[in-house]
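These are my notebook entries on one chain, set down in the order in which I looked things up. The sequence and the structure are placed first for reference.

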Amino acid sequence: SVHREASVEEIKKSYRKAALQYHPDRNPGDHEAVEKFKEASEAYEVLIDDHKREVYNRFGHAGLSGTDFHPFTNVEDVFDSFGDIFEDFFGRG
């Protein structure tokens with residue numbers, strides 16, 4: 001969790017920590033960890049984008065329905081969207 005005025009670096013650091021903690025490979029068979037991983041990834045997608053972040057701050061999660069934001073339905077969606085980020089965080093391979 002980050003405060004409302006968190007910098008991009010603070011958001012990235014918080015997301016990296018959550019992604020490491022709840023990553024499905026580190027929590028095999030743990031449905032709750034997978035859900036937290038998806039939630040953290042959705043929050044990252046919103047907070048890292050200035051427009052989505054402003055909409056979220058003004059209207060909450062419901063306000064995002066008018067943007068190009070789409071909730072992740074499974075872990076593969078997260079990896080498809082953030083593959084480059086995971087390579088930056090965890091290295092290639």
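I began with the crossing of helix 1 and helix 2, and I recorded it as left-handed. By that I mean that the near helix is turned anticlockwise from the far one by less than a right angle; clockwise would be right-handed. The two axes come within 9 Å and cross at roughly 165 degrees. I took axes as lines fitted to C-alpha atoms, for helices over the stretch in contact, with angles from 0 to 180 degrees between N-to-C directions. Helix 1 is therefore roughly antiparallel to helix 2 (under 35 degrees counts as roughly parallel, over 145 as roughly antiparallel, 65 to 115 as roughly perpendicular, the rest as oblique).

I note the basis of these entries: the model is predicted, local features need pLDDT of at least 70, side-chain atom pairs count only at pLDDT 80 or more, and totals for chains, interfaces and linings use all residues. Residues are numbered from 1 along each chain as its sequence is written, and side-chain values use heavy atoms, with hydrogens and water left out.

Next I listed the secondary structure, which comes to 4 helices and 0 strands, in the pattern α-α-α-α. Helices (H or I, at least four residues) and strands (E, at least two) are DSSP runs numbered from the N terminus.

I then checked the length of helix 1, residues 8–22. Its 15 residues should span 21 Å at 1.5 Å a residue, and its end C-alpha atoms are 21 Å apart, which agrees. The expected span is 1.5 Å times one less than the number of residues.

On burial, I found Ile-11, Tyr-15, Ala-18, Ala-19 and Tyr-22 of helix 1 buried. They cover an arc of only 100 degrees around the axis, which puts them on the same side of helix 1; the arc is that of the directions from the helix axis to the C-beta atoms. The face turned away from this buried side carries the exposed residues Glu-9, Lys-13 and Lys-17. Buried means under 20% relative accessible area, exposed over 50%, partly exposed in between (1.4 Å probe, protein chains only).

I looked up the largest nonpolar core and found 13 residues, with Ile-11, Tyr-15, Tyr-22 and Phe-37 having the most contacts inside it. Helix 1 and helix 2 (31–47) are the elements that give two or more residues to this core, and helix 2 gives the most, with 6 residues. Such a core is a set of buried Ala, Val, Leu, Ile, Met, Phe, Trp, Tyr and Cys residues joined through side-chain atoms within 4.5 Å.

Last, I placed Pro-71 in the loop between helix 3 (50–63) and helix 4 (75–90). Pro-71 counts as partly exposed because its relative accessibility is 47%.
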